[in-house]
Amino acid sequence: MTTPVIAIHGGAGTISRNSLSAADEARYLQALGAIVAAGQAILNAGGSALDAVTEAVRLLEDCPLFNAGHGAVYTSEGKHELDACVMNGADLSSGAVACVTNVRNPVLAARAVMEKSEHVLLVGAGAEAFAARNGVATVAPEYFHTDARHEQWLRVRGQAGVMLDHDAASFAFAQKETTEPIDPDHKFGTVGAVALDRAGNLAAATSTGGITNKQPGRVGDSPVIGAGCYANNATVAVSATGTGESFLRAVACYDVGARMAYAGQSLEQASQAVVFESLPKVGGRGGIIAVDAQGNLVLPFNTEGMYRGYGRGDDAPVTAIYAD
């Protein structure tokens with residue numbers, strides 16, 4: 001039997017140490033650790049990688065510390081549009097939703113698309129109606145609001161175009177006259193999970209509230225198979241976070257697997273090439289989490305930090321934010 005592995009991320013970007021107190025940092029690490037542990041519990045009980053990543057991302061969506069579900073960023077119109085994707089490495093089955101506005105947990109809607117439709121990606125009102133018909137909880141748009149995220153949007157709009165989650169928080173912090181961060185209790189990030197279960201199956205899931213002040217209708221890499229999410233038992237499971245347009249252009253997650261399958265690169269070699277060579281060529285900032293069919297794990301990023309955590313077997317979860 002394979003030793004199960006799970007990894008999660010909560011977004012990458014300019015995560016300033018100056019804007020995060022030791023107490024707040026501890027809260028992020030605690031949240032990441034608890035969610036990793038929840039995924040480990042599923043895997044250690046013999047559950048599937050697909051169930052583990054779905055539950056991990058659902059918990060991340062419910063946590064206002066991150067930009068997915070409750071606490072999602074605001075569009076330029078002051079609204080919320082959410083995207084998510086899930087992929088099963090055992091058979092390449094996939095499901096995704098984009099630009100949903102009333103689905104509490106977009107990852108559950110993505111899972112429903114995968115299992116209860118003949119499609120891969122549903123968007124907007126059609127995705128919302130499908131989710132509701134299939135028992136996925138819906139909420140009023142106000143559910144996604146947090147005061148901190150709204151304040152962040154007010155500071156960014158009209159001055160800085162669109163911004164990555166953590167870049168927007170750091171920008172807002174820089175605009176303040178006090179020494180306090182824009183919000184001392186919250187920091188945000190696109191979320192994702194990858195896992196390998198005891199049966200040797202891989203899975204990945206990614207979910208996001210988008211980027212601050214984005215054009216309504218904009219869809220980034222998160223719900224796009226191969227760009228922001230990918231899983232194939234033959235190679236690797238990958239979830240990405242960062243500048244979505246660049247990850248789309250680079251087909252970043254699939255590229256990791258393709259390098260392994262066609263060029264014979266190791267997981268480490270393929271991930272390093274994508275994150276530090278291919279993505280920067282098209283302005284790509286961010287990172288990935290990835291686990292291969294042998295249980296090797298990498299979490300590289302080319303930004304100041306990436307909220308991340310992982311757990312292997314019964315080992316205690318390991319969590320981190322910064323590069324060092």
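# Notebook: helices and buried side chains

**Entry 1: α2 and α3.** I began with two helix axes: those of α2 and α3 come within 8 Å and cross at roughly 150°. Angles over 145 degrees count as roughly antiparallel, so α2 and α3 are roughly antiparallel to each other. Next I listed who makes the contact. From α2 come Leu50, Asp51, Thr54, Val57, Arg58 and Glu61. From α3 come Pro106, Val107, Leu108, Arg111, Met114 and Glu115. I note here that this is a predicted model.

**Entry 2: α3 by itself.** How many of the 11 residues of α3 are buried? I found eight, so I wrote the helix down as mostly covered. The buried ones are Pro106, Val107, Ala109, Ala110, Arg111, Ala112, Val113 and Met114. Then I looked for what they pack against. I found the helices α2 (49-62) and α4, and the strands β2 (82-88), β3, β4 and β6 (202-208).

**Entry 3: α4.** I moved on to α4, which spans residues 124-133. Gly124, Ala127, Glu128, Phe130 and Ala131 are buried there. Gly135 follows α4, and its phi is positive, near 80°.

**Entry 4: α8 and α9.** Two packed helices are described by the angle between their axes and the distance between the axes. I looked up both values for this pair. Helix α8 covers residues 252-262, and helix α9 covers residues 267-281. Their axes come within 9 Å and cross at roughly 135°. That angle makes α8 oblique to α9. I noted the crossing as right-handed.

Which residues meet? On the α8 side I have Ala252, Asp255, Val256, Arg259 and Met260. On the α9 side I have Leu267, Ala270, Ser271, Ala273, Val274, Ser278 and Leu279.

I then listed the buried residues of α8: Ala252, Cys253, Asp255, Val256, Gly257, Ala258 and Met260. They pack against β7, β8, α7 (244-250), α9 and β9 (286-292). Just after α8, Gly264 takes a positive phi of about 70°.

**Entry 5: Gln40.** I found Gln40 in helix α1, residues 22-44. Is Gln40 buried or exposed? Its relative accessible area is 7%, so I count Gln40 as buried. I looked for partners of its side chain. A polar atom of that side chain lies 3.0 Å from the backbone oxygen of Gly313. The side chain also reaches the backbone oxygen of Asp315, at 2.9 Å. Leaving out residues up to four places away in sequence, Gln40 touches Ile6, Gly311, Arg312, Gly313, Asp314, Asp315 and Pro317.

**Entry 6: Asn213 and Lys214.** Both Asn213 and Lys214 lie in the loop between β6 and β7. Lys214 has 1% relative accessibility, so I count this lysine as buried. What joins the side chains of Lys214 and Glu81? I found a polar contact of 2.7 Å. I also looked at Arg157, which is 57 residues from Lys214 along the chain. The C-alpha atoms of Lys214 and Arg157 are separated by 9.5 Å.

Asn213 is buried too, with a relative accessible area of 11%. I stopped at its phi, which is positive at about 70° although Asn213 is not a glycine. Most residues other than glycine have a negative phi.

**Entry 7: Cys99.** Here I found another positive phi in a residue other than glycine, with Cys99 near 55°. Cys99 lies in strand β3. At 14% relative accessibility, Cys99 counts as buried.

**Entry 8: Thr241.** My last stop was strand β8, residues 236-242, where I found Thr241. At 2% relative accessibility, Thr241 counts as buried. A polar atom of its side chain lies 3.4 Å from the backbone nitrogen of Ala12. Not counting residues up to four places away in sequence, Thr241 touches His9, Gly11, Ala12, Thr190, Phe247, Arg285, Gly286, Gly287 and Met306.

Methods: Residues numbered from 1 in each chain as written. Heavy atoms only, no water. Buried < 20%, exposed > 50% of the residue type's maximum accessible area, 1.4 Å probe, protein only. Helix = DSSP H or I, 4+ residues; strand = E, 2+ residues; numbered from the N terminus. Polar contact = N/O pair within 3.5 Å; in protein donor to acceptor, adjacent residues only side chain to side chain. Contact = heavy atoms within 4.5 Å. Axes fitted to C-alpha atoms, helices over the stretch in contact; angles between N-to-C directions. Parallel < 35°, antiparallel > 145°, perpendicular 65-115°, else oblique. Left-handed = near helix turned anticlockwise from the far one by under 90°.
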